[in-house]
Amino acid sequence: MTSRPDQPTHYTPQPYDPYAEDESASTWFNSDGQPPHQQGYPYDEQAQAYEQQQAQYAAAVPQQPQGLHDDQPTYALRTVQYQQVPDDEPEYHIPETPEAGWDMAASRRRAWVSRAVLLCVLAIQAALSLRLSNTAFQDEALYIAAGHAELAHLLDGTPLPIDYAAYFSGSPQLYPVLGALVDGQFGLTGARCLSLLFMLGTTGLLYSFTRRLFNERAALAAAALFAVLQSTVVMGYFATYDAMAVFLLALATWIVVRTDRAPVAAVLLAAPVAVLAVGVKYASALYLPTIVGLALLTAWPHKGAKSFLRMVLLGLGIGGLLLAGMYATDLLAGVRQTTTDRDHGSDSARFLLQRSMEWGGLMFLAAVGGAVSYVRRSRMNESPVALRLGSPGWRWRAMLGLLLCGTAVLAPAYQIHLATVVSLFKHVGFGLLFAAPMAGVGVTRLVGAHFRYPQLGIMLWTAVLCLGISQADWRFGVWPDSSKMIRTIDSHVDAKGHYLASTPEVPVYYLRDRTTHRQWQGVFGMEYTDEKGKYRTGDDAYRAALREGEFDLIVLDGLTNPRADDVIAAAVKGNPHYRLLGEVPFRNSSGTGTYRIWIKTS
């Protein structure tokens with residue numbers, strides 16, 4: 001404390017002294033600083049007597065060493081001088097404090113915490129996929145059996161039973177060969193676990209490039225939503241080329257985002273990866289414009305106009321490699337048949353939109369909400385320091401949101417054009433891979449700053465999780481368990497017979513040591529020349545072949561093509577060439593059914 005300037009001095013009174021108990025009370029100082037007058041003495045005599053008393057007191061009190069008890073107050077007679085306080089200097093100084101209680105900069109602790117949360121997300125994804133169980137689906141059986149045939153052709157020169165490249169929707173020399181290699185060592189479970197590794201890698205890459213675009217919180221939210229989608233869970237335990245294709249698309253996207261500040265030519269590293277994704281699954285070409293567009297948008301804040309050169313360079317690289325691959329191989333016919341010139345179905349646009357919303361609508365709505373909020377406010381951190389940081393303009397943010405969210409509607413729009421629901425659930429997942437970063441932003445904005453409303457984010461994720469689990473369980477039970485059927489026909493199949501089945505790919509896969517695709521006929525169209533030399537097609541071909549006892553074994557499930565099954569069953573009824581071997585019941589997602597099996601008697 002300091003005194004006011006109008007009070008420069010004052011006197012400190014002496015307290016009670018136990019060594020002077022016999023002194024009179026007249027030895028206390030008055031308020032004017034003078035000794036009191038002793039009654040009956042003149043003033044000079046009183047002063048002289050007082051000085052003698054003080055001398056006696058000083059001689060009687062022992063001297064203490066200097067420095068001892070320095071912390072004790074001194075009660076000697078003295079005048080305290082107070083310093084003048086400048087008018088412009090505050091009486092109390094507030095200590096300097098940081099503007100924020102946390103640091104926005106990346107830290108090792110933050111990185112390890114986010115990685116630990118990501119590992120939990122990946123563990124949940126793996127558990128959801130591994131809990132699925134069923135025998136081989138016809139697509140799985142087809143691709144793996146084709147891979148074994150391609151391996152035998154490459155290693156031993158064995159002729160291919162059929163031209164797989166003419167009707168596969170991906171190169172038969174890529175995923176089918178890889179899947180067959182794993183299947184040869186670890187069986188169908190190993191081939192499915194290969195797909196799980198691809199999907200886990202996809203989720204990890206999604207986290208990485210979302211973190212690069214925004215921050216850790218948005219990246220974790222995006223990965224958590226994507227990991228529990230039906231398409232992610234099913235493709236993670238489905239031995240088809242979809243998991244490998246989506247992984248390669250994610251890898252190409254990661255390279256584009258990761259090289260946003262690198263030299264322009266570095267973006268060419270993504271070109272062969274993107275082209276390889278198209279080779280694995282031709283429908284992946286639908287997402288190449290998005291990757292090329294990201295090459296422009298991700299580099300614009302750092303390179304400005306040079307970003308256009310980056311985009312053009314990547315587009316030319318991808319286009320050149322695609323043209324070289326298509327004309328240097330025999331895959332062009334497969335591309336036309338399965339992608340560009342694909343037959344149209346009969347599913348309505350309303351039905352396809354409804355299915356698309358069921359399988360990815362919640363995540364898409366979160367992505368749209370995130371894009372809108374990101375356009376309105378670019379700030380991605382609660383720290384006040386973030387207000388002074390530069391951020392891309394609203395036009396750039398709008399273009400990024402439109403590009404990522406718009407990619408999610410490409411697959412539904414294309415399949416509405418084709419009027420078919422086949423493979424829609426998988427293609428929805430392809431598009432949501434690109435919309436996931438914006439969905440992560442949407443979740444962070446829904447939760448709010450400083451996790452103000454965490455229950456809202458938890459509710460959204462729980463809803464997506466429950467839908468994903470129920471839809472994945474239903475999807476993995478669509479086809480029947482074929483184990484009993486395979487045991488029933490095992491002893492009736494050899495390398496010389498000719499067979500008819502609703503799903504011939506399944507027995508070809510499980511009995512590939514004794515039979516090939518060339519020996520099996522499906523129920524989606526047939527060509528046949530009867531004994532009189534008349535050429536027949538369609539239902540008429542089935543009737544003529546059965547009338548003449550062409551097939552040694554017939555297996556119908558009543559699900560794959562019920563109309564054709566009815567035609568075949570009617571042709572077999574009363575036919576002296578065949579007898580019913582047995583009926584094998586099964587259960588699937590739609591209820592119960594029966595395998596009907598006939599064998600040739602003569």
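## Where α12 meets α16

In this predicted model, Glu358, Trp359, Leu362 and Ala366 of helix α12 meet Leu460, Ala463, Val464, Leu467, Gln471 and Arg475 of helix α16. Contact here means heavy atoms within 4.5 Å. Helices (H or I, at least four residues) and strands (E, at least two) are DSSP runs, numbered from the N terminus.

Helix α12 covers residues 349-376 and α16 covers residues 454-476; they pack at an angle of about 160°, with their axes 9 Å apart. Axes are lines fitted to C-alpha atoms, for helices over the stretch in contact, and angles run from 0 to 180 degrees between N-to-C directions. That makes the pair roughly antiparallel, a label for angles over 145 degrees, while under 35 counts as roughly parallel, 65 to 115 as roughly perpendicular and the rest as oblique. The crossing of α12 and α16 is left-handed: the near helix is turned anticlockwise from the far one by less than a right angle, whereas clockwise would be right-handed.

Now look at α12 beside α15. Their axes are 6 Å apart, at an angle of about 30°, so these two helices are roughly parallel. Their crossing is left-handed.

## The nonpolar cores

A nonpolar core is a set of buried Ala, Val, Leu, Ile, Met, Phe, Trp, Tyr and Cys residues joined through side-chain atoms within 4.5 Å. Buried means under 20% relative accessible area, exposed over 50%, and partly exposed in between (1.4 Å probe, protein chains only). The largest such core has 120 residues, and Leu314, Leu400, Met438, Ile489 and Leu553 have the most contacts inside it. Helix α15 (residues 424-447) gives the most to this core, with 14 residues. Domain 2 (136-378 + 392-476) and domain 3 (483-600) each supply at least three residues; these bounds come from an automatic or database domain assignment.

Leaving aside neighbours within four places in sequence, Leu400 touches Phe214, Leu294, Leu297, Tyr374 and Met438. A second, separate core has 18 residues, including Val523, Tyr528, Leu546 and Ala569.

## Thr210 and the whole chain

Thr210 sits in helix α4 (residues 175-213). Thr210 counts as buried because its relative accessible area is 0%. Beyond four places in sequence, Thr210 touches Asn215, Ala218, Ala219, Ala222 and Pro437.

The protein chain has 20 helices and seven strands. Of its 602 residues, 46% count as buried.

## Reading the values

Residues are numbered from 1 along each chain as its sequence is written, and side-chain values use heavy atoms, leaving out hydrogens and water. In this predicted model, local features need pLDDT of at least 70 and side-chain atom pairs count only at pLDDT 80 or more, while totals for chains, interfaces and linings use all residues.
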